[in-house]
Amino acid sequence: MFLRGFTILFLSCTSIIIHLNFCLSTIPFSLNSLPLAGNFSFDEVTLSHAARDFGNRYQYNPMAVLHPESASDIAATIKHIWLMGPRSQLTVAARGHGHSLQGQAQAHGGVVINMESLKVPEMQVHVGNTPYVSVSGGELWINILHETLKYGLAPRSWTDYLHLTVGGTLSNAGVSGQAFRHGPQISNVHQLEIVTGTGDMVKCSKEQNEDLFHSVLGGLGQFGIITRATILLEPAPDMVKWTRVLYSDFTAFTRDQEQLISEEKSFDYIEGFVIINRTGLLNNWRSSFKPQDPVQASQFNSDGKTLYCLELAKYFTLEEINVVNQEVEKHLSHLNFIPSTLFLTEVTYIDFLDRVHVSEVKLRSKGLWNIQHPWLNLFIPKSNIHHFAQVVFGNILTETSNGPVLIYPLNKSMWDNKTSVVIPEEDIFYLVAFLASAVPSSNGTDGLEHIISQNKRILEYCQRANLGVKQYLPHYMSQEEWRAHFGPQWEAFVQRKCVYDPLAILAPGQRIFQKSI
Ligand code: FAD
């Protein structure tokens, strides 16, 4: 009896496997038969490129890569997969510039959409009282900067690095030193065009299909593919006065940062970073900062102490050149940094915004860009930042940080709580970013294992001490952890998934939902 039951089970499993294999083998053919303006690639080189990202730690090949020429190509592909139903197992990941850290833009055995090939309609800048630019979801921010500057305009909110796509950063938040004033990039979007997980093309904004609009912003790619976005612009400055000052006292450092982000007309950009060992000061890979007095800067001796660098930028036009110095001086005179550590420089607006790219070029030339990046990004409530700093900078990261450690405060009032992004409860919270690079094949403190275990210690401490910390660019392996990450927002997140991507086709690399089979 048992044997007979087993045989039937075995035969039915075999037939399911044969059926699935049959489906899998016919899929490339069925995708290729779609009437698209763009095309699919199935070759090994393209597939393995689509399985790589900046993190360089996870690598899952898709079955196919779509190079869409229009949003309709994306809609037709997703509709086709949606109509196959749960049996097909196929998932879809939009890939922006592939600068994720843990395979978030990958689709194991599925379809990766190469968003950068989506170029039409062309970028359109609209001047007027409320200027904006309409761009493809696969557009790089650096291209948007160059195009909008032709009209004397530029987006208001940035990331530190501009070789990322609009869809990629809007799926997270897009945070940099301008966010204290303008909010993250997701607070500076007027309208989106989306292809949902059912293959429907939908326009949305705060006025139209509002729920989809908010779901997608910070939505980790779960609810739809951003095929087009309308980004708010402001008049662009010509130049930037870029300042760095140092603190040895963490309390003075954060007090000044918090004071500056509460002022209406202080600086246009406010960030900061931790200098764990002295080499971090000027050899910092993220920095193209060249102080006007490099001799003075190189002579500063920290005596091995951990230092905190406040980084400020004031934008100005050529007509304002005479007043900007006075204004910067006035604001600096209220700060409590170490007096001999005022480092100043002046650069063009483009050079300032594209500063990380300079370091990228240098690192690429030394073969140190495409290495592993076990990054950890955290949002920490203001009330716990001192506790956090004491333990993490005092006990966990004592010798080296293997890369920059950013730390700067953000105003919660500039974040729209209807979006999907998860941030701490308090009015002010800090972004702390551990941007480590792992030296290939090193078993030492600069090796992957060591950095991962350091990150783990930081996360475990945050949890143990109940600091109310949230991960930015979050990464978890189980749904339980995702549920904890979202906290009270989890039910709404799941609800939105059921509405916009009920088969869980989209962004499987985030590992939040599994396609039901
Ligand atoms: P990808 O890695 O290609 O995709 C990221 C996720 O978004 C994936 O889940 C993908 O499926 C989804 N996705 C991509 N395109 C779309 C789309 N059109 N529609 C829907 N979903 C989509 N972040 C900051 O906030 N501030 C910073 O200052 C900052 N600096 C960085 C510097 C460097 C050097 C790097 C590598 C990353 C930095 N990041 C920063 C993180 C960055 O914003 C994210 O990793 C972002 O996702 C990368 O964009 P991408 O175009 O490469 O996206």
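V92 stands opposite V111 in strand 4, where strands are DSSP runs of E of at least two residues, numbered from the N terminus. The structure is a predicted model, in which local features require pLDDT of at least 70 and side-chain atom pairs count only at pLDDT 80 or more, whereas totals for chains, interfaces and linings use all residues. Residues are numbered from 1 along each chain as its sequence is written.

Strand 3 and strand 4 pair in the parallel sense over four bridges; pairing requires that DSSP finds at least two bridges between two strands. An open sheet of four strands, with mixed pairing, has the order 1-2-4-3. Its edge strands, strand 1 (39–41) and strand 3, each pair on one side only. From one strand to the next, the twist averages 30 degrees, with axes taken as lines fitted to C-alpha atoms and angles running from 0 to 180 degrees between N-to-C directions.

The loop between strand 3 (92–95) and strand 4 (111–114) contains Q104. Q104 counts as buried because it has 26 C-beta neighbours inside 10 Å; the criterion for burial is 20 or more other C-beta atoms within 10 Å of the residue's own, with C-beta atoms placed from the backbone. Leaving aside residues up to four places away in sequence, Q104 touches G509 and Q510, contact being defined by C-beta atoms, placed from the backbone, within 7 Å. The C-alpha atoms of Q104 and L473 are separated by 9.4 Å, although these residues are 369 residues apart along the chain.

In an unreviewed entry, UniProt lists residues 58–236 as "domain: FAD-binding PCMH-type"; such annotations may be inferred rather than shown by experiment. The end C-alpha atoms of residues 58–236 lie 39 Å apart, and the span is 22% helix and 27% strand, helices being DSSP runs of H or I of at least four residues.

Definitions and conventions
A residue is buried if 20 or more other C-beta atoms lie within 10 Å of its own, exposed if 12 or fewer, and partly exposed in between; C-beta atoms are placed from the backbone. Two residues are in contact if their C-beta atoms, placed from the backbone, lie within 7 Å.
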